[in-house]
Amino acid sequence: MKNRLETAHPYMANSVPAIKEAMLRAIGVATVEELFEQIPAEHRLRSPLDLPPAMPSENELRRHVLDQLRRNETCEDNLSFIGGGCWQHHVPAVCDEIAGRAEMMTSVWGTPYSDHGRNQAWFEFASLLGELVGCDVVGQPVYSWGYAAGHAIRMAARLTGRRRVLLPCLIDPERLSVISNLCGSKEMASHIEIVEIGFDDETGLLDLADLEAKLSGETAAVYFDCPSHLGLIESQGAEIAALARLHGAETIVGADPISLGVLEAPPVYGADIVVGPMQPLGIHMNTGGGVGGFLATRDEARYVHEYPTLLISLARTRRDEWAFALSCAHQTSYGLREEGKDWTGNSVNNWAIVNAVYLALMGPAGMRELGELILQRANYAAFKLVEIDGVALRFSGPLFKEFVLDYAGTGKSVAAINAGLRRHGIFGGRGLGDLGGDLGPDFETCALTCVTEIHSQADIDRFADALAEEAAR
Amino acid sequence: MSENTKLRRYHAARWDEPVIHEMGHPGRRGNVFPKPEDAVREAVGPAADLIPVALRRKAAPALPEMDEYDVLRHFIHLSQQTLGMMGISLFGTCTMKYNSRLMEGLTARPEVRAAHPHQDEDTLQGTLAMIHGLDRILRSLSGMDRFVFQAGGGADAAYTHCCVTRAYHASRGELAQRDEIVTTIQTHPCNAATAATAGFKVVTLMIEENGYPSLDALKAAVSDRTAALMINNPDDMGVYNPEIRDWVRIVHEAGGLCFYDHANFNGVMGKLRARELGFDACMYMLHKTFGAPKGNGPAVGAYGCSEELAPFLPAPLVVEEAGCYWLDRDRPQSVGKIREFWGNVPVILKAYAWARAMGAEGIDEASDLSVLANNYMEKGLLAIPGVTKSQSHLTQRRLEMTRYSVEKLQEETGIGIGEISNRMTDFGIDAPWLAHEPWLVPEPFTPEAGELWSKEDIDRWIAVLAEVAREAREEPETVKTAPHNQVVHAFDPAPLEDPDHWAMTWRAWQRKRGRG
């Protein structure tokens with residue numbers, strides 16, 4: 001016999017015997033089991049479910065989850081300098097208020113009428129981000145920065161009919177892995193070949209000679225990040241884009257949008273497609289569950305007709321009101337199945353709404369102030385930390401909010417330094433030993449260190465003191 | 001039943017809210033930051049000097065300049081102008097559930113929000129324990145050996161399967177030869193689309209007399225080129241393929257893998273296990289079946305597979321050893337990363353808590369109730385003149401959802417499902433899901449009542465459709481010009497497909513149709 005709930009469950013309105021009986025009577029069957037007549041008996045469970053007992057009591061469940069959560073440590077109780085694709089930035093309280101609004105959170109597809117407000121917020125995400133990245137078209141979000149870059153590369157391959165992409169060898173290995181999966185397997189005809197470009201060992205910026213040597217009539221796109229994975233402001237964007245254009249390739253720039261109050265919008269220096277992360281704009285780190293990606297281009301049909309995302313357009317109703325509705329939806333997998341542009345599905349659309357709130361709160365002055373504060377504090381941290389014996393900056397190039405510290409001179413491993421810092425309540429930057437290809441060993445003694453607007457001078461000085469102590473230990 | 005149900009006099013909020021770019025005033029601020037400390041400024045100088053000249057932003061972004069309260073109020077207005085699940089939403093295939101506010105609160109705590117995935121594992125034991133706990137629960141539900149939560153949605157989990165399939169066949173030296181994935185027209189389009197994105201040729205089987213493709217059609221489709229089968233069961237018309245074990249056997253005999261897309265799990269959860277039917281892998285949508293909110297994401301597609309496929313799973317995996325949890329990153333045959341980090345952690349925790357709140361008894365009850373509700377709805381819906389059931393020759397009872405058609409009503413009145421859906425929203429009922437393209441059933445709609453919605457909600461939903469069908473006959477203009485009680489009125493969608501008119505941003509609108 002089945003185990004049965006002793007009382008009605010708070011999540012299930014009809015889990016009341018009298019209601020079930022009334023519904024069975026209306027259908028004209030005696031038992032619920034009769035309704036499962038399509039499933040052959042031999043398909044049914046061979047053994048009962050082996051789950052922990054039900055906890056329908058919210059009081060009990062709260063205690064259980066809280067007991068687990070209390071085993072975690074946080075970047076609020078510790079001072080954290082970990083970055084690398086997920087960054088600790090200030091999240092305005094209004095962002096949290098809107099993210100938690102039940103209407104937004106529970107909307108599914110709806111119509112342009114019944115979910116008008118949600119559609120407007122989606123449009124405003126695209127529209128506000130469009131101002132920041134300098135693009136007239138922004139798609140609704142994709143799963144992550146890696147996805148945005150991968151979809152952009154696939155767009156470029158379709159646009160050019162070519163199957164090779166050039167990207168920096170110093171790219172985030174996680175992002176590269178996502179891109180690499182989207183570029184397919186070499187055994188398959190649709191494979192897009194990834195060719196890595198070297199870097200200037202002094203500055204950490206892209207090696208233009210290597211780029212030029214590898215560019216050809218086979219190149220669909222050149223992709224680079226600004227700031228780069230290792231935090232450097234890639235100052236050669238115009239030269240890179242010009243070289244790409246010379247060979248008929250698309251230029252794709254991955255830009256951290258939080259830098260764009262002070263850094264130039266990528267299309268100004270030649271980007272054809274702009275992609276990047278959403279998490280910095282008002283979304284908590286969420287243990288990595290805050291990531292999302294955006295995709296933006298010029299407003300040309302050749303680009304728009306290659307988008308794999310939802311697109312929301314502004315329109316006017318017959319009574320001259322604003323309307324916000326899907327555009328070019330038929331080209332997606334919902335319209336064309338395997339003939340659609342890659343695929344479309346649930347993404348991180350509620351984060352798009354949060355991004356819109358964030359950008360509205362910031363305004364142009366907020367984005368500039370924020371960018372300047374990050375720049376100055378991160379550069380101060382780099383300046384301060386290299387005063388420590390045995391600690392050096394790996395690259396001399398201009399930096400935004402992250403930089404590479406090399407601990408080689410301390411004679412200690414990154415792991416040992418970070419273990420020491422933990423005793424001071426500090427999470428040090430993550431080791432770079434996992435950098436792609438043969439690069440890992442060269443960066444074994446290096447840590448990617450992140451400083452943002454949340455770090456005060458006092459925080460940075462405390463980090464410097466602790467690091468000095470651990471380096472000398 | 002429904003004839004006694006009272007319709008509510010609903011009207012949506014209507015704020016006549018401007019587009020945000022029309023709001024604000026020069027000089028207003030919604031957030032300010034401090035100046036850097038003196039020592040910082042002395043050490044590094046002005047910010048502009050830290051940026052190479054070519055990269056200094058010349059024109060400030062044209063963002064609105066608003067005060068904090070105006071931003072809050074604007075977006076609260078937008079949320080009030082969103083129906084979401086605040087009325088009744090029986091959106092088929094999406095399995096609309098209650099999203100526990102307990103877990104909204106608990107995942108908003110710093111232990112989740114303010115944690116970084118690259119923290120040392122000993123600082124994330126609580127989160128890892130619950131992720132591992134959910135893995136164990138899903139193993140029991142599916143019979144699979146291992147789950148991973150990296151995929152950012154159901155389609156992303158289907159894509160995960162395509163990547164695992166590539167790695168599996170590549171490891172056997174057969175990938176160049178096995179370049180086809182078999183699916184059915186009634187399987188969610190993301191399966192065909194992710195297979196094509198991953199480089200496979202897609203073979204799609206059409207449904208036949210029994211409501212699903214025949215074994216003969218499957219046998220004709222599989223060969224030594226078959227890499228995998230990707231399939232839903234039941235499909236989104238509530239039809240269960242009773243020959244599914246033979247399907248799995250045939251595909252296995254041809255050397256292919258079998259993936260069970262459990263998007264439609266609600267009617268069979270706690271009733272059958274994918275692995276016991278022979279499948280190699282399956283997928284659950286935590287933002288649907290497991291009680292986490294939708295909002296079109298953040299979402300999680302939990303992907304589970306057999307021991308044989310586990311080496312190819314995306315890394316890292318959460319593993320347990322003597323009560324301690326850590327991340328296994330050293331997996332040489334892994335496909336690597338499907339998506340950065342290890343998944344939408346708050347969504348995983350919400351699903352874990354949902355499964356703990358429900359337990360085996362609750363999960364079994366939920367699938368009972370969703371099938372009960374669907375069959376109860378059928379009685380009421382088929383009593384409405386002009387409404388018919390898809391594949392009405394199939395006499396066995398459907399599982400958790402059924403597809404209907406208003407083709408007959410349209411023949412009589414000229415009013416189709418699009419207009420009916422718009423009119424339904426005038427009663428505070430979210431527009432129903434229709435069907436995926438291509439429409440096999442004309443003028444379709446597909447409600448799914450699930451275990452959340454009460455008998456009274458279901459009765460009201462049916463009563464609204466009955467009322468709109470009556471209007472279609474007696475006062476067709478009311479339906480044709482709908483909506484009337486919504487936030488805004490009808491618009492012409494044609495310009496949205498025209499490059500000269502579409503406007504995905506305010507700057508595009510201004511350029512095309514704005515000033516002058």
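Which residues point one way from β6(A), and which the other way? In this predicted model, Glu250(A), Ile252(A) and Gly254(A) take one side, while Thr251(A), Val253(A) and Ala255(A) take the other. Buried or exposed, then? Every one of the six is buried, whichever way it points.

**Strand β6 of chain A**
- β6 covers residues 250–255 of chain A and is mostly covered, with 6 of its 6 residues buried.
- Side chains in a regular strand alternate between the two faces of the sheet.

**Who sits beside it**
- On one pairing, β6(A) runs parallel to β5 (residues 221–226) of chain A, and 6 bridges hold this pair.
- Look for Val222(A) here: its opposite number in β6(A) is Thr251(A).
- β6(A) also pairs in parallel with β7 (residues 273–277) of chain A, this time through 3 bridges.
- Ile252(A) has Ile273(A) of β7(A) as its bridge partner.

**Domains, chain by chain**
- Chain A splits into three pieces: domain 1 (17–69), domain 2 (79–90 + 364–472) and domain 3 (93–358).
- Going by C-alpha atoms, the centres of domain 1 and domain 2 of chain A are 51 Å apart.
- Chain B is split into domain 1 (18–80) and domain 2 (104–358).
- For chain B, the C-alpha centres of domain 1 and domain 2 are separated by 42 Å.

Note on methods
Residues numbered from 1 in each chain as written. Chains lettered and ligands numbered in written order. Predicted model: local features only at pLDDT ≥ 70, side-chain atom pairs only at ≥ 80, totals over all residues. Domains from an automatic or database assignment. Buried ≥ 20, exposed ≤ 12 C-beta atoms within 10 Å, placed from the backbone. Helix = DSSP H or I, 4+ residues; strand = E, 2+ residues; numbered from the N terminus. Pairing = 2+ DSSP bridges.
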